[in-house]
Amino acid sequence: MSLLEIRDLEVTYAGHAGTRVRAVAHADLDVEAGQIVALVGESGCGKSSLGKAAVGLIPPSAGSIRFGGEPLDPLKRGGRPKAQRKLQMVFQDPFSSLNPRRRIGDLIAEGGRVATEAGETPMSVGECLERVGLSAAFADRFPHQFSGGQRQRIAIARALAARPRCIVADEPISALDASAQAAVANLLVSIVRDLDMGLLFISHDLAIVRSIADVTSVMYLGKIVESGPSAAVWRDPLHPYTRSLIAAIPRPDGKGTLPRDLPGDVPDPAHPPAGCRFHPRCPSVMAVCREREPQREALQPLRTAACFVASTANPAHDRPVATNFVA
Ligand SMILES: Nc1ncnc2c1ncn2[C@@H]1O[C@H](COP(=O)(O)OP(=O)(O)OP(=O)(O)O)[C@@H](O)[C@H]1O
Ligand SMILES: [Mg+2]
């Protein structure tokens, strides 16, 4: 059983004029201890909605989330059950996620309160700061005295104080300068490896994902359309959407083909296309794609895709889909 296990998750919001926006549509995702799982996809595809539901910040409209084997309930007054406190979230913007009037030592100590409530000793403020590469002497300072990259380190330190078993990080580096991005991403990787935690890394930066994630899950309009070990996904993407995303990554040397934008706009999730949601933009569309919605299938060892084109090219694989590996 996975550390974090999401099955058939659906998140729905109220849209205009009584419509419902299905931001997450029957998504499955697993995170194992010691594993970095990336969730990628274009803006608006439902990544943050999945991440917030995963930590219990918003209620799913259907499906199940289990953490450490226990069902996870949306946040209620009176705090979270003990097991769920081991699941922490780091947000994109370290400027708004840290209270500017509090000293960082207090902010981190407050993060550790959930460990105390669970009958454990929280990680000390000094150790948290040192784990994220900052001096323990900074505890008396205020958030405005730090750069964006340092503030994100402080947000990670606050999450660590609770001694989490898993962190959901929603675009944790996208608000940072280029120089801080790789440093904070590498820091998260080393913390997860050292402490044998799980990490769900939500990002639209495929170059970073490729370099750090063991498993990559690709989301399109609320659905996970492909998932597998990152190296395999990059070497041989199964879903045409994954192929288009990878083709759109600028070459690191700045040479070669220009990044190619995906044709067409992301459809409105309140009115998703019939059949396969990607079919209006798919370069390999077949007749069946307009009529039926493809289901997630295991097409290669450890790899799944929801695509008629991919399943025609890769006859269904008979081995079960396991996720307890590190690529
Ligand atoms: N509180 C809300 N009320 C109504 N609709 C919402 C709400 N939050 C998100 N949505 C809609 O749900 C869909 C998914 O949004 P979400 O923020 O999960 O996407 P995302 O993949 O995280 O995007 P980004 O990459 O821009 O952060 C979008 O169409 C968005 O407009
Ligand atoms: Mg988001």
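Modeller: Happy to. This is a predicted model: local features need pLDDT of at least 70, side-chain atom pairs count only at pLDDT 80 or more, and totals for chains, interfaces and linings use all residues. Residues are numbered from 1 along each chain as its sequence is written, while chains are lettered from A and ligands numbered from 1 in the order in which they are written.

Colleague: How many residues surround ligand 1?

Modeller: A residue is near the ligand if its C-beta atom, placed from the backbone, lies within 6 Å of it. The closest are Tyr13, Ala23, Ser43, Ser48 and Ser49.

Colleague: By class, how many charged residues does the shell have?

Modeller: Ala, Val, Leu, Ile, Met, Phe, Trp, Tyr, Cys and Pro count as nonpolar, Asp, Glu, Lys and Arg as charged, and the others, Gly among them, as polar. The shell around ligand 1 has five nonpolar and seven polar residues. Its charged residues number one.

Colleague: At what angle do α2 and α4 cross?

Modeller: Axes are lines fitted to C-alpha atoms, for helices over the stretch in contact, and angles run from 0 to 180 degrees between N-to-C directions. The axes of α2 (residues 104–117) and α4 (residues 148–160) come within 6 Å. They cross at roughly 35°.

Colleague: Which residues of α4 make the contact?

Modeller: Contact means C-beta atoms, placed from the backbone, within 7 Å. From α2 come Ile104, Leu107, Ile108 and Gly111. The contact residues divide into six nonpolar, one polar and one charged. On the α4 side they are Ile154, Ala157, Arg158 and Ala159.

Colleague: Is Leu221 buried or exposed?

Modeller: Leu221 sits in the loop between β9 (215–220) and β10 (223–229). Its phi is positive, about 50°, although it is not a glycine. Buried means 20 or more other C-beta atoms, placed from the backbone, within 10 Å of its own; exposed means 12 or fewer, and partly exposed lies in between. Leu221 has 24 such neighbours inside 10 Å, so it counts as buried.

Definitions and conventions. Helices (H or I, at least four residues) and strands (E, at least two) are DSSP runs, numbered from the N terminus. Two residues are in contact if their C-beta atoms, placed from the backbone, lie within 7 Å.
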